[in-house]
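Thank you all for making time this morning.

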Amino acid sequence: METAKLVSIVPCAGLEKAPGFLTCYAAFEVVEKLRPNTTSLVAITPLMENVESSVRQVKTHPVIVVDGCPQRCATKLTVKKGGRIRGRVFIPCFIQKHSLKPISASDLGAEGLQLVSIVAQDIAVQVDRILAK
Amino acid sequence: MKRSKVKVGVVSCSGEDYPEGTISRIATRLIIDKIRPGQTTTICLPLFLCGGENERAFARDYPTITVDGCSKRCAERSTRKYSGAPAASIIVSEIAKKYPFLKLDDSDEVGSNGMKLAEKVADEIAHQIDKIIEQS
């Protein structure tokens, strides 16, 4: 059964490209600063490797997936592990909508950091909406 | 058969829920961007896990170093499962034991200790890359 007191955030965390890296920063921003008491971070690798605590987290709490590219790995893996996705963030849409582009994976740059903040705010709004239901 | 004189792949764990996972990612980017650019590349671990054929073929055909944050060794296990044994495996928490004065906190801010530890991890990755290239 879902416990709607906590929302799990699953960023794709793709290291190869800037949007993947950005998903991590945004997720950190939410879990550490914006909604520290109502969210928890789930890393994708232990989830795939069936680490019990990670699988339990996506099965027992509503999930927001944060994908960096059209492959949508965070979404696919969450579904595969039986997670219940209640919110989604797709970074390319934010890049397009706000005309802000991160420089690279190792240096997001000023626009990238601004984007982190915007994405994090969006996730926080989704968290509140999920918990209000 | 492994092709010689090729790039070395570095696969970092994405364990964002531990500081060591973040260190593994930073160390990997240091290697790719600054310490061994041109000699190394990284693959997208989420895509690799999702079944990306190019990612899996790369780790099958080229020597790969896995960099894990903790003893769960998720990056190593995944690489072993889908592409074969990595050429070398590095665990950040093991390296951190050698430098107890570089204490990490749980914050997402890596801080100066975290950056210093990332540099130590990157040094170890570079050492392994040199060994692999020497043997190829």
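Let me start with A:Thr39, which has its place in strand E2 of chain A, a strand that covers residues 39-41. Please keep in mind throughout that what you see is a predicted model. Is A:Thr39 buried or exposed? Its relative accessible area is 4%, and because buried means under 20%, A:Thr39 counts as buried. If we leave aside residues up to four places away in sequence, A:Thr39 touches A:Leu6, A:Val7, A:Ile9, A:Val30, A:Val31 and A:Val127. The side chain of A:Thr39 also reaches the backbone oxygen of A:Arg35, at 2.6 Å.

Now to the aromatic rings, where the structure holds four pairs over all chains. One of them joins B:Phe58 and B:Tyr62, whose ring centres are 4.6 Å apart and whose planes stand at 25 degrees, so this pair is stacked. Both B:Phe58 and B:Tyr62 are buried. Another pair is formed by B:Tyr99 and B:Phe101, with centres 6.1 Å apart and planes at 90 degrees, so here the arrangement is edge-to-face. B:Tyr99 counts as partly exposed, at 22% relative accessibility, while B:Phe101, at 60%, counts as exposed.

Arginines also sit over rings in this model: B:Arg56 lies over the face of B:Tyr82, at 3.8 Å from the ring centre, and B:Arg25 lies over the face of A:Phe21, at 4.7 Å from the ring centre.

That last pair involves both chains, which brings me to the contact between them. The contact takes 26 residues from chain A and 30 residues from chain B, and the two chains bury about 2,500 Å² between them, with 62% of that on carbon and sulfur atoms. On the chain A side, the residues that lose the most area to chain B are A:Leu15, A:Thr45 and A:Glu49, which together make up 27% of what that side buries.

How many salt bridges are there between chain A and chain B? The count is two, and the side chains of B:Arg77 and A:Glu49 meet in a salt bridge, at 3.5 Å from N to O. There are also three residue pairs in polar contact between the chains, counting those with both residues at pLDDT 80 or more. As for the elements of chain A that give two or more residues to the side touching chain B, they are helix H1 (18-34), helix H2 (44-48) and helix H4 (73-80), and H1(A) gives the most, with five residues.

Notes:
Residues are numbered from 1 along each chain as its sequence is written. Chains are lettered from A and ligands numbered from 1 in the order in which they are written. This is a predicted model: local features need pLDDT of at least 70, side-chain atom pairs count only at pLDDT 80 or more; totals for chains, interfaces and linings use all residues. Side-chain values use heavy atoms; hydrogens and water are left out. Helices (H or I, at least four residues) and strands (E, at least two) are DSSP runs, numbered from the N terminus. Buried means under 20% relative accessible area, exposed over 50%, partly exposed in between (1.4 Å probe, protein chains only). A polar contact is a pair of N or O atoms within 3.5 Å; within protein, one must be able to donate a hydrogen and the other to accept it, and residues adjacent in sequence count only if both atoms are side-chain atoms. Contact means heavy atoms within 4.5 Å. Rings of Phe, Tyr and Trp (its six-membered ring) pair if their centres lie within 6.5 Å; planes under 30 degrees apart count as stacked, over 60 as edge-to-face and the rest as tilted. A charge sits over a ring if NZ of Lys or CZ of Arg is within 6 Å of the ring centre and within 35 degrees of the ring normal. Buried area is the accessible area (1.4 Å probe) that two parts lose on being put together, summed over both. A salt bridge is a side-chain nitrogen of Lys or Arg within 4 Å of a carboxyl oxygen of Asp or Glu.
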